[in-house]
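Hi there,

Here is the structure I promised to pass on. Have a look at it first, and my notes follow below.

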Amino acid sequence: MASRLSFLGPFRSILSFCLIALIIVTLSRIGLGLWQIERVSAVDGWSHLLLQGLRVDLATLCWLWGIAALGTAIFSGDHAIGRGWNKILRIWLTLGLWLILFLEVSSPSFIQEYGIRPNRLYIEYLIYPKEVMSMLWGDVSLR
């Protein structure tokens, strides 16, 4: 498998993380759609939900890892800067995937509270981590 992907060069890890993230958010979107099936069905929204969701997810991944891809194009190689960049890239990709997982896990609580998926309002609330975590933890413990 690794030899078949060798043509991707230093971008192999970024594309692998993008594929993993895309699978996670797609499965999450389908799960949330099934959870809110009456709302989705009321507007005949399955195709819209999946296609527009894919569009937003691809744009999000480009924002999250586009700069990492640019840095890889500029700094990668078998030299000190390239090895340093690989360490930074590894941290960047891992933190980005954890961020995506956090957003997907916290989506049901946000939907129950505000009726929509996390958006700009959600990001603004993240400056109050104590309140956000207590709300999320309280919602999980009530189930």
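A residue is called buried here when its relative accessible area is under 20%, and exposed when that area is over 50%. Please keep in mind that this is a predicted model.

Let me start with helix 3. By that cut-off, its buried residues are Gly53, Asp57, Leu61, Leu64, Trp65, Ala68, Gly71 and Thr72. Helix 1 (12–35) and helix 4 (80–114) are among the parts that cover them. Helix 3 covers residues 46–75, and its 30 residues should span 44 Å at 1.5 Å a residue; the end C-alpha atoms lie 42 Å apart, which agrees. There is also a bend of about 50° at Trp65. Just after the helix, Gly77 has a positive phi of about 155°.

Now to the charged pairs: how many salt bridges does the structure hold? There are three.

- Asp57 pairs with Arg29, with the closest N and O atoms 2.5 Å apart. This links distant parts of the chain, as Asp57 sits in helix 3 and Arg29 in helix 1, 28 residues apart. Asp57 counts as buried because its relative accessibility is 8%, and Arg29 does so at 10%.
- Arg117 pairs with Glu104, the closest N and O atoms being 2.7 Å apart. Arg117 is in the loop between helix 4 and helix 5 (120–125) and Glu104 in helix 4, so the bridge ties together parts 13 residues apart in sequence. Glu104 is buried at 14%, whereas Arg117 is partly exposed at 27%.
- Arg83 meets Asp78 at 3.5 Å, N to O. Arg83 is partly exposed at 46%, and Asp78 is exposed at 73%.

Best wishes

Notes. Residues are numbered from 1 along each chain as its sequence is written. This is a predicted model: local features need pLDDT of at least 70, side-chain atom pairs count only at pLDDT 80 or more; totals for chains, interfaces and linings use all residues. Side-chain values use heavy atoms; hydrogens and water are left out. Helices (H or I, at least four residues) and strands (E, at least two) are DSSP runs, numbered from the N terminus. The expected span of a helix is 1.5 Å times one less than its number of residues. The bend at a residue is the angle between axes fitted to the seven residues ending there and the seven starting there. Buried means under 20% relative accessible area, exposed over 50%, partly exposed in between (1.4 Å probe, protein chains only). Contact means heavy atoms within 4.5 Å. A salt bridge is a side-chain nitrogen of Lys or Arg within 4 Å of a carboxyl oxygen of Asp or Glu.
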